[in-house]
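I am opening a notebook on a structure that is new to me.

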Amino acid sequence: MKILVTGGAGFIGSAVVRQAVAERHEVVNLDALTYAANLESLAVVAVSPLYTFEKADIRDRPALDRIFATHRPDAVMHLAAESHVDRSIDGPGLFIETNVTGTFNLLEAARAHWQDVGRPEGFRFHHISTDEVYGSLGPTGKFTEDTPYDPRSPYSASKAASDHLVRAWAETYGLPVVLSNCSNNYGPFHFPEKLIPVVILNALHSQPIPVYGAGRNVRDWLYVEDHADALLTVLQDGALGRSYNIGGNNERANIDLVRDLCAILDRLRPDAAPHGDLITFVADRPGHDLRYAIDASRIRDELGWQPSVTLQEGLERTVRWYLENEDWWRPLLSRDGVGTRLGIGS
Ligand SMILES: NC(=O)c1ccc[n+]([C@@H]2O[C@H](COP(=O)([O-])OP(=O)(O)OC[C@H]3O[C@@H](n4cnc5c(N)ncnc54)[C@H](O)[C@@H]3O)[C@@H](O)[C@H]2O)c1
């Protein structure tokens with residue numbers, strides 16, 4: 001299958017591209033190369049005849065039309081987005097432009113292409129979204145695919161809007177779509193402004209490890225390669241028009257996760273004092289959702305997919321990867337906003 005992947009130079013997109021090429025799919029990676037992108041994450045596929053890169057912005061409709069006409073993909077996996085909640089608090093406009101208007105442009109370009117090639121039944125537009133569209137949970141319960149949308153940050157609201165557009169294009173124009181909503185991802189090649197790489201790199205540099213609020217916010221963590229595997233499963237086997245929640249069955253409060261990471265680092269890279277001594281509680285994110293938890297029974301029961309990596313195993317692999325891949329993360333530390341506190345609001 002020839003797959004047009006948007007956002008393939010990002011964290012999850014690059015995992016999807018690496019896995020799709022390994023499974024012998026042809027991949028066209030469309031990415032604008034924002035601050036969050038890194039083509040080094042794709043070094044392993046860069047010379048593959050199955051892989052092509054197109055630098056383009058999903059806000060640029062003519063560029064999208066040209067790429068569809070040139071490559072004539074059988075499927076689209078749409079991951080390109082502004083993805084950092086804190087940045088969405090500081091600058092929501094870009095999130096609306098990329099995540100909402102950009103998705104609209106991509107839907108229109110995909111629809112024009114699909115109509116042009118005779119509306120093939122097998123064509124798929126797979127929209128990759130987040131569990132954050134469902135809002136925040138109390139101490140119990142889980143998000144199912146039927147949980148009403150209740151986004152609470154500019155990021156999650158822009159993703160919710162894009163999900164609605166995708167469903168509307170399926171209903172109104174018959175575009176063959178599938179959707180997925182996933183919990184927090186972690187693993188190798190994660191940009192060093194997100195919680196897990198921040199903890200690892202600050203600990204390595206003996207810098208304070210910032211934890212928002214009291215660290216009681218709970219997330220359901222999924223190893224990124226498991227997510228890539230789930231996405232390729234949804235693309236190929238998902239029922240038309242259907243949504244699939246994807247989760248890791250790994251709920252953890254932020255403070256416990258940070259302590260787990262410190263304990264792994266104490267073992268693999270011991271310092272004079274325990275790394276946990278660096279933990280510093282800082283002002284909370286405004287509107288910080290308390291808890292996310294995914295009920296992933298639909299993808300398990302209907303598509304036979306489940307995560308393969310436990311949280312402990314995945315965290316260990318991730319820490320080892322950062323210890324062994326300084327060449328990958330070191331240049332990213334000087335990128336705009338990295339290492340500074342974002343998203344405090346006013
Ligand atoms: N990271 C998570 O935990 C998580 C969880 C669930 C869902 N998601 C969703 O998965 C997708 C990928 O997330 P990620 O963490 O890999 O994000 P990321 O920020 O690491 O990567 C996003 C990629 O999109 C590209 N991009 C941004 N704006 C663009 C534009 N206008 N045109 C073309 N390319 C553009 C960037 O250059 C970057 O390579 C997003 O849609 C996100 O909402 C992420």
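I count two strands as paired if DSSP finds at least two bridges between them. I also keep in mind that this is a predicted model.

Entry 1, the start of the chain. I looked up strand β1 (residues 2–6) and strand β2 (residues 26–31), which pair in the parallel sense over five bridges. Within this pair, I3 stands opposite V27 in β2.

Entry 2, the whole sheet. I then asked in which order the strands of the open sheet run. I read β3-β2-β1-β4-β5-β6-β11, seven strands with parallel pairing. β3 (51–55) and β11 stand at the edges with a single partner strand each, so one side of each has no neighbour in the sheet. Neighbouring strands are turned against each other by 20° on average, direction ignored.

I found strand β6 (residues 177–182) paired with β11 in the parallel sense over four bridges. N181 has N245 in β11 as its bridge partner.

I looked up helix α7 (residues 224–237), which has 14 residues. From its first C-alpha to its last it reaches 20 Å, close to the 20 Å expected at 1.5 Å a residue. I noted that 10 of the 14 residues are buried, so α7 is largely enclosed by the rest of the structure. Among the buried residues are the charged E225 and D226, and the list also includes H227, A228, L231 and V234.

Entry 5, the ligand. I wanted to know which of the 30 residues around the ligand come nearest. They are G7, G10, A32, A37 and A81. The shell divides into 14 nonpolar, 11 polar and five charged residues. I see that α1 (11–22), α4 (92–116) and β5 (124–130) each supply at least two residues of the shell. α1 gives the most, with three residues.

I checked UniProt, where an unreviewed entry places the feature "domain: NAD(P)-binding" at residues 4–318. Over residues 4–318 I read 41% helix and 17% strand. The end C-alpha atoms of this stretch are 28 Å apart.

Methods: Residues numbered from 1 in each chain as written. Predicted model: local features only at pLDDT ≥ 70, side-chain atom pairs only at ≥ 80, totals over all residues. Near = placed C-beta within 6 Å. UniProt positions renumbered as here; feature names shortened; annotations may be inferred. Expected span 1.5 Å × (residues − 1). Buried ≥ 20, exposed ≤ 12 C-beta atoms within 10 Å, placed from the backbone. Axes fitted to C-alpha atoms, helices over the stretch in contact; angles between N-to-C directions.
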